[in-house]
Amino acid sequence: GGGRFGGGAGRGRGPRRERNFGPNGHDYELSSDAGPNQTSLADEEIHGLIAERLQAKLNRDFNTADRIQVDLLDSGVYVHDGMKEWRADGVPFGDFDGRGGKPGRMSGSHSDRNRPYAKSAYSLEFGGDEQQIADLLAERTKYKTIRDYNSADRIREDLLENYDVHIDDRIREWSIGGNFGDEHNQQRAMSQAMSSRGYVKSQSSANLSPEDEEFVQNKVDERSE
């Protein structure tokens, strides 16, 4: 009568014995297209943190693993669990959410949309230090990478309210005053018009009860506001 959970053979065990992953302590490889290390951490320190995070995950200590990942991100080190790769050149992986994008600055990949933002050629001049804007945009990218969208949206709102900085995520540019050139301005106007229509249920969607459908619609409307 052991069953799936019967017998108690695996209960009460402590952390599993650490596996030997070689000299670096982990089995992650440096991305083939990664540039030079741009962080304040030496490669040996990066290997140590990746190894510590891996062992924490193997021991199911996910709080420690998540804390180390945030520390790595704060330092500019990006780790991709699916591809078992890491990079410290300031270019995030584009598919932290598992959608299959490729790392690096490859045009058209998810990570191409994660490259640093540039000031639009059509932007008004900024009277202060543009590095302040660059730092806030980099912080916003970091929050988006770890899916803290509330913090990312708050930075976007602060940039708009305090500096009149408009952000175009598709072309990775920012502009004081919101001018990105006629072509992109038309695309932005069309996109905003489309988004103002709100989302509607697809005809091919599975059926929901009226109560569930109302709940889902309300949540979608909240996210698009």
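Select Tyr 143 first: leaving aside residues up to four places away in sequence, Tyr 143 touches Asp 148, Ser 151, Ala 152 and Ile 155, where contact means heavy atoms within 4.5 Å. The model on screen is predicted, so local features need pLDDT of at least 70 and side-chain atom pairs count only at pLDDT 80 or more, while totals for chains, interfaces and linings use all residues. Residues are numbered from 1 along each chain as its sequence is written, and side-chain values use heavy atoms, with hydrogens and water left out.

Tyr 143 belongs to helix α3 (residues 130-145). Helices (H or I, at least four residues) and strands (E, at least two) are DSSP runs, numbered from the N terminus. At 19% relative accessibility, Tyr 143 counts as buried; buried means under 20% relative accessible area, exposed over 50%, and partly exposed in between, with a 1.4 Å probe and protein chains only.

**The whole chain**

Zoom out to the cartoon. The protein has six helices and six strands, and from the N terminus on the elements run β-α-α-β-β-β-α-α-β-β-α-α. Of the 225 residues, 31% count as buried. Among contacts with a separation of 6 or more, 49% come from residues 24 or more positions apart.

**The sheet with β4, β5 and β6**

Select strands β4, β5 and β6 next. They form an open sheet of three strands in the order β4-β6-β5, with mixed pairing; two strands pair if DSSP finds at least two bridges between them. The edge strands are β4 (118-119) and β5, each pairing on one side only. Display helix α4 (residues 149-163) as well: α4 packs on the sheet and touches β5 and β6, and its direction makes about 140° with that of β5. Such angles run from 0 to 180 degrees between N-to-C directions, and axes are lines fitted to C-alpha atoms, for helices over the stretch in contact.

Now look at the individual pairings. β4 and β6 run parallel and are joined by two bridges, with Trp 174 in β6 as the bridge partner of Lys 119. Strands β5 (residues 165-168) and β6 (residues 173-176) run antiparallel and are joined by four bridges; here Val 165 has Ile 176 in β6 as its bridge partner. The hairpin of β5 and β6 has four residues between the strands, and Arg 172 in this hairpin takes a positive phi near 60°.

Step back to Asp 164, in the loop between α4 and β5. Its phi is near 55°, a positive value in a residue other than glycine. At 34% relative accessibility, Asp 164 counts as partly exposed.

**The sheet with β1, β2 and β3**

Move to the other selection of strands: β1, β2 and β3. They form an open sheet in the order β1-β3-β2, again with mixed pairing, and the edge strands are β1 (29-30) and β2 (78-80), each of which pairs on one side only. Three bridges hold the antiparallel pairing of β2 with strand β3 (residues 85-87). Tyr 78 stands opposite Arg 87 in β3. Helix α1 lies across β2 and β3, running at about 140° to β3.

**Helices α1 and α2**

In the contact, Leu 49, Ile 50, Glu 52, Arg 53, Ala 56 and Lys 57 of α1 meet Phe 62, Thr 64, Ala 65, Arg 67, Ile 68, Gln 69 and Leu 72 of α2.

Centre the view on Arg 53, which is found in helix α1. Arg 53 is buried, with a relative accessible area of 7%. Not counting residues up to four places away in sequence, Arg 53 touches Tyr 28, Ala 65, Ile 68, Gln 69, Val 79 and Asp 81.

End the tour at Arg 60, in the loop between α1 and α2. Phi of Arg 60 is near 60°, a positive value in a residue other than glycine. At 62% relative accessibility, Arg 60 counts as exposed.
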